[in-house]
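Q: Hi! Could you walk me through this one?

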Amino acid sequence: MAGPEIKAPALREFPTVPALQPDATADVKCWVASEKIQEPLGFPGKLADDWQETHDRAIGRMGELLDKYRSLKVFMDACVHCGACTDKCHYFIGTGDPKNMPVARQDLMRSVYRRYFTPAGKMFPQLVGARDLTREVLDEWYSYYWQCSECRRCSVFCPYGIDTAEITMAGREILDAVGYGQKYSNEIIGKVHRVGNNLGLPGPALIDTLSGLEEDVKDDTGCDVRYPVDEKGAEVLLVTPSADFFAEPHIESTIGYGKVFHAAGISWTFSSMASEAGNFGMFIGNYDQLHKIAQRVRQAALELGVKRIVVGECGHAWRVAYAFWNTLTGIGAGANDPFAVELQKQLDPRYKQPAHICEVTWDLIQQGRLKFDKSANDHRIVTFHDSCNVARGSRMGDYAGGQFDIPRHIIKAVANKFHDMAPETIGERTFCCGGGGGVLTDELMDIRVKGALPRMEALQRVVDDNGVNFMATICAICKAQFSKVLPYYGFKSGMVGGVHQLVSTAIQLGNEQ
C-alpha cells in the first residue's frame, strides 16, 4: 500500500516564522531496531515488558549521563526560554510543529530531568514544568529526537551556547539503553563492526569496484590513475565515506581524489579494514560505539604503515576526525595507550594529522603542483553548500574560518563561475540539508523534504539571480539528501555534486594535447 503523498512546502518570498501547527509531526516515527540489530551492539533487544523496569533503566541512564557529561547538566539548567532559537531550526521552519523548536525539543528531556534530578521538581513538579517519565513521553522522545539532524544551527544563536545536538544525542542514548533504538543508524553501526563500512560492502567487492574505476578513468583520460586498496608502505591512508565507492554523485569525487594524488605523485591507499569515514556512533550519542568504530582507522593505519591520514568529503566524519580522533585513537596525539604512542611515532609530524582532502588539495594548488583547465567547468555555474558538521564542528587550515574559505578557494581555482548563496544562509549560519544526524532514511522522507526548505529557498534565489546550475558540497549525506529532495522543489537531482568532482573535471594530468 502506498504511503501518503509527500509534498514540498511552498517557497517563501521572505523568511517569516511559520504558523504554528501543533503535533503536525507527532506521528512521524522511524523504524525501531530489532533484537537482532540491538543486542550485538550491547543494547537491550526491546523494551521491557514491565514498564517500571524500563522507567528505572531510563532514569538511571540519564543520571549516568548527567554525571559523565557536565555540559548536559549545564544545558538542562541554563535555558531561560528567551526564544532566540525558536525559528532557527529547519524542521520547525518546514513543519510548523512547535515541538521542533529547539527549546521545545530540549524541554522534552528537561521536564523529565526536573522531575527526577532537581529538588523543586521532586516537591512541586507542576510549578516548575516537571513531568513523570511515562511510555507516552518515551514515545514522544523517539518521534522528536529523530526529527533533529544535530546540525547545531540553533546553538549559534543561543546566548548561553546550549547545544541542542548534545541533548538529542543524550535522548537517543537513553532510548538505546532501554531497547528503543533506531533501525537505520544501529543497523549501519553493526555493518561497520562486521564488514568495515556503512554499506556492508566486503573487501573483495570494494577491490573489484575500484579496479573497474581504474579502467574507466584510463578510458576517459588515457592515464593510469590508481585507486589502490590495502597497499602497505603508501604515504597516505585515505578514509572516505563508503558512498564514495559507487553512489552518484559521490564516486565523481573519488575519481577526483585519485587524480589529485596521481598528479602530485603521492602514493596512497584505501583500506578494506577502515573503508568508512562515517561514524554513526556520534549520531546515537554513544561513546563506546564512537570509539570502537574509530579504532578501525587506527588499526588500518598501523597495519599499512602509512605516514599521513586524510579524510574524504564527509561532514560528520570530518567532525569526528577533527574533534575526537586525538583521544579516541591517538591520531594527532591525545591518547596515550601503547598503540596510540606507536601510531604517533609512525605518522609524519610535518603534516596535520588528520587532514581533510580539501586541505591537501589546496596546499598542492598553492605549491603549484596541480594544473587546471578552468574552462572545462564552464558549463557549470557553481554555488557551495556549507555542511553543518564542517561549518559548526570543525576547522580547516590554520585559522578560524578556514573550513569556509578553503573549499571555496578550490572551487574558484577550478571553475570560472561561482556565486555564493545569501550570507545569512552560509558559513557558520548555514542551513542543514535536512537529512543529517541519522535522519537519512526513507520512512522520514516527509521530514527530510520539509527540512530542506530553507536551503532550497536560498538555492532558488541564487538560481534566479545568477543562473546557478551546480551546488557543490563536501558531505556524503548532503549529496545523498539533495539528490532525493531537489526534484520535490523543481530542481534536477544531478544539480548537486562534490568539490572534487569539479577538481576531477578541470585537472590536467600531463597528457593533454
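Q: Where is Pro 354 found?
A: Pro 354 is in the loop between helix H15 (338–346) and E4. Helices (H or I, at least four residues) and strands (E, at least two) are DSSP runs, numbered from the N terminus. Before you read on, this is a predicted model, where local features need pLDDT of at least 70, side-chain atom pairs count only at pLDDT 80 or more, and totals for chains, interfaces and linings use all residues. Residues are numbered from 1 along each chain as its sequence is written, and side-chain values use heavy atoms, leaving out hydrogens and water.

Q: Thanks! What is the peptide bond from Gln 353 to Pro 354, cis or trans?
A: That bond is cis, with omega near -5°. The bond from Glu 248 to Pro 249 is also cis, with omega near 5°, and Pro 249 sits in the loop between E1 and helix H12 (250–264).

Q: You mentioned E4. What is the strand order in the open sheet of 4 strands?
A: The order is E2-E1-E3-E4, and the pairing is parallel. Two strands pair if DSSP finds at least two bridges between them.

Q: Which strands stand at the edges?
A: Those are E2 (268–269) and E4 (355–356); each has a single partner strand, so one side of each has no neighbour in the sheet.

Q: And how many bridges do E1 and E3 pair over?
A: Strand E1 (residues 236–239) and strand E3 (residues 308–311) pair over 4 bridges, in the parallel sense. Val 239, for instance, has Val 311 in E3 as its bridge partner.

Q: New topic: what is phi for His 81?
A: Phi of His 81 is near 55°, a positive value in a residue other than glycine. His 81 lies in the loop between helix H3 (70–78) and helix H4 (90–95). His 81 is partly exposed, with a relative accessible area of 41% (buried is under 20%, exposed over 50%, partly exposed in between, with a 1.4 Å probe and protein chains only).

Q: How is the protein chain divided into domains?
A: There is domain 1 (35–181) and domain 2 (191–508), with bounds from an automatic or database domain assignment. The contact takes 24 residues from domain 1 and 30 residues from domain 2, where contact means heavy atoms within 4.5 Å.

Q: How many salt bridges are counted between domain 1 and domain 2?
A: The count is 0, taking a salt bridge as a side-chain nitrogen of Lys or Arg within 4 Å of a carboxyl oxygen of Asp or Glu. On the side of domain 1 that touches domain 2, H4 gives the most, with 5 residues.
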